[in-house]
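User: I have a protein model open and I would like to learn how to read it. Could you walk me through it?

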Amino acid sequence: MASFLTSSPTFSLPNKIIYHSEKIPLTTLSVSTSSPSIVRRGRGYGKCSVSRVTSIENDVIQKDAHGVDKKDDFGVVGMHHVGILCENLERSLDFYQNILGLEINEARPHDKLPYRGAWLWVGSEMIHLMELPNPDPSTGRPEHGGRDRHTCIAIRDVSKLKDILDRAGIPYTLSRSGRPAIFTRDPDTNALEFTQV
């Protein structure tokens, strides 16, 4: 795959995109794959890994079928990061790195903010851990994280994560709907959902 990326930094995908359950034709979708490290963090769709869309010709994503005024469309393209408050950065990093296996994004500005923190890769998005006072109570939260504010992370195998949490002695609950998903909490009681895709 690396030789493909080196010899062909940009390619086009004539295709269709599904947006709000409607198929919308794309004339050309240019995808930048100049950095193998970005592709590693890209979203996998089948056997193709798309890292970052750089341009879509002629405003091909139309939303006017549902009455959306194009002049007010400011261009939502995805989630960039989720901010999570923590009391002790080292304790949180131990959980997110050593239990969940997330990696720090060293390119993010740790020293330019007035508080301690870390940015962790979650696919092509990030979690921003911020060592700040948490206004939420840590006790009295629902046992099942699906009934609380939570961050949902897509994973490939819920059963493997269940084994990891069991070995670490970290409590969790399974999805009440029966779908392959698991809910747990980080050391600061922030609820996390992991759903299998």
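Analyst: Gladly! Let's begin with burial: a residue is buried under 20% relative accessible area, exposed over 50%, and partly exposed in between, using a 1.4 Å probe and protein chains only. This is a predicted model, so local features need pLDDT of at least 70 and side-chain atom pairs count only at pLDDT 80 or more, while totals for chains, interfaces and linings use all residues. Residues are numbered from 1 along each chain as its sequence is written, and side-chain values use heavy atoms, leaving out hydrogens and water.

User: What is the mean pLDDT of the chain?

Analyst: pLDDT is the predictor's confidence in each residue, from 0 to 100. Here the chain has a mean of 75, and 65% of its residues reach 70 or more. Over residues 1-65 the pLDDT stays under 50.

User: How many helices and strands does the chain have?

Analyst: Both are DSSP runs numbered from the N terminus: helices are H or I with at least four residues, strands are E with at least two. This chain comes to four helices and 14 strands. Of its 197 residues, 33% are buried.

User: Which residues of helix α4 are buried, and which are exposed on the face turned away?

Analyst: The general idea first: an α-helix has 3.6 residues a turn, so residues three or four places apart point the same way. In α4, the buried residues are V158, L161 and L165. They lie on the same side of α4 because they cover an arc of only 60° around the axis, where the arc is that of the directions from the helix axis to the C-beta atoms. The face turned away from that buried side carries exposed K160 and R167. After α4 comes G169, with a positive phi near 70°.

User: What covers the buried residues of α4?

Analyst: The cover includes α3, β11, β12 (172-174), β13 (181-185) and β14. For contacts in general, look for heavy atoms within 4.5 Å. T173, in strand β12, is buried at 11% relative accessible area. Leaving out residues up to four places away in sequence, T173 touches E143, H144, G145, A181, I182 and F183.

User: Which residues touch the most other members of the largest nonpolar core?

Analyst: A nonpolar core is a set of buried Ala, Val, Leu, Ile, Met, Phe, Trp, Tyr and Cys residues joined through side-chain atoms within 4.5 Å. In the largest one, with 22 residues, Y96, L100, I127, L129 and F194 touch the most other members. Several elements give two or more residues to this core, among them β8 (81-86), β9 (117-122) and β10 (125-131). Helix α3 gives the most, with four residues. Setting aside neighbours within four places in sequence, L100 is in contact with F95, L161, L192 and F194.

User: How many aromatic pairs are there?

Analyst: Rings of Phe, Tyr and Trp (its six-membered ring) pair if their centres lie within 6.5 Å; planes under 30 degrees apart count as stacked, over 60 as edge-to-face and the rest as tilted. The count here is one pair. The rings of F95 and Y96 have centres 5.0 Å apart and planes at 90°, so they are edge-to-face. Both residues are buried, F95 at 6% and Y96 at 0% relative accessibility.

User: Where does R108 lie?

Analyst: A charge sits over a ring if NZ of Lys or CZ of Arg is within 6 Å of the ring centre and within 35 degrees of the ring normal. R108 lies over the face of W119, at 4.1 Å from the ring centre.
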